[in-house]
Every structure is written in C-alpha cells, then in structure tokens.
Amino acid sequence: MITPALPVSRPGHERRNEDGRTVSADESATAWALAARAGDPAAVERFVRALHRDVVRYVAHLSADPQAAEDLAQDTFLRALGSLHRFEGRSSARTWLLSIARRAVIDSLRYAAVRPRSTGAADWQTAVEHAQPTGLPGFDDGVALLELLAALPGERREAFVLTQMMGLPYADAALVSGCPVGTVRSRVARARATLIALLAEAEAEVTAEVAAEVAADRIAPSAA
C-alpha cells in the first residue's frame, strides 16, 4: 500500500551575518523589523520583501474574496508599519505579522458580511493557487493540495497551513491563532488524518478508473 505523501514543515532559509554566524530567516526578518522601527528605510523594504509571500499565502487560505490575497497583504503591512513602534521582538516578526494578518482577515470578513458582494469559487481558488508553493511531495504544484484543504474546517486548515506549509513552530502558531498549543496540535493531527483519507480515496478512484480503461481495451478487440 502506498502511503500518501503530505507536505512537512520546512525550516526557514538560513544565511550568515557579518560575523559568520548562521542566522535563520525568522531572525533576519525580526532584525529588519527592529531596524525599521528605529527608522531605517532600507530595513522596511527588506522586512516587507522577506515576509510578503508568507502573508499572501496565509490570508489567501483564510479569506473567500477574489482580491483578498493581495488586498489583505497590503492592509496587513500597512497596519504593521503603523504599529512598528510597539514591536519589541518578544516573538518573531513573522509571528507578529501573521497575527496582524489574521485580524485583517477577520475585519474584512465582518465588513463583507454587511455588504453585498459577488464572488465565485473559481476566483477564490485562483487567488490561492497563485500563493501556493510548488514542488510539494505528492501534489501537482500545490493545486491538488488546494482542493483537499478546501474540504477542511477553517480552524484545522489554518493550523495545517501555519505549521505544515509555512513551518511555524506550534507555539508560534498558537500565538497567531489565539489558542493553546495543544489545540493547534489536535487541529493539525485531525487535518492530516482527513487529508490522508482524502488522498487515499482519490488514489483508489484513479486506480479504479485505470483498471476500467484497461479492461475496456482488452474487451474491445474481441467485441470487434
């Protein structure tokens, strides 16, 4: 039996600072955020560039608006830059920023709930697909994963995206989601179980289709 492959957490890219010490991507982003708070304009640009993709991916999975991915990312950074004076580096800049992104999504959904809007699943999926990483094991450029994730309850999908796709530690994901670490672990475990079951089901369907096609090809000559 083939065990379905699911994406696993990946450590952030590392680099070496001027002293030759290895610095993680989170450490770099946090350092740039602190430098930006101190008034370094170049650090502002590096901070935004370093975390833009993570923010887009995260809000794309939380929202249901065709323009959510980019619009909410912009809103998130505007809020963050306006609040940099309160950032003290007690958590990583990424964790802090994703917490702001979550509030931006919630505010957007509340606003959308009281105004008419027209949107389609295709538009939403397009927005999320553009934010998907490519090359995930067991998936075709993340598109199949997108379809499977859409079947998960929102809280489980969020926990899975934060920890398994974006590589956030469970403690940081708990800070972003505003829930205990144990709850995040439970949501991820349930999400993985559901995804594995869905993958197995899809694999069985494909196998059945292939078998039917082979059988049809074998019958066709004798029928002729």
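**Notebook: helix α2 and residue D54**

I located D54 in helix α2; helices here are DSSP runs (H or I, at least four residues), numbered from the N terminus. The model is predicted, so I noted that local features need pLDDT of at least 70 and side-chain atom pairs pLDDT 80 or more, while totals for chains, interfaces and linings use all residues. Residues are numbered from 1 along each chain as its sequence is written, and side-chain values use heavy atoms, without hydrogens and water.

**Entry on D54**

I asked why D54 counts as buried. Its relative accessibility is 14%, and buried means under 20% relative accessible area (1.4 Å probe, protein chains only). I found a polar contact of 3.2 Å between the side chains of D54 and R94; such a contact is a pair of N or O atoms within 3.5 Å, one able to donate a hydrogen and the other to accept it. Leaving aside neighbours within four places in sequence, D54 is in contact (heavy atoms within 4.5 Å) with R94, L98 and M166.

**Entry on the core**

I then looked up the largest nonpolar core, which has 47 residues. A nonpolar core is a set of buried Ala, Val, Leu, Ile, Met, Phe, Trp, Tyr and Cys residues joined through side-chain atoms within 4.5 Å. Among the residues with the most contacts inside this core are F47, V55 and L98. Helix α2 gives the most to this core, with nine residues.

**Entry on L98**

With neighbours within four places in sequence left aside, I listed the contacts of L98, including D54, V55, Y58 and L162.

How values were computed
Buried means under 20% relative accessible area, exposed over 50%, partly exposed in between (1.4 Å probe, protein chains only). Helices (H or I, at least four residues) and strands (E, at least two) are DSSP runs, numbered from the N terminus.
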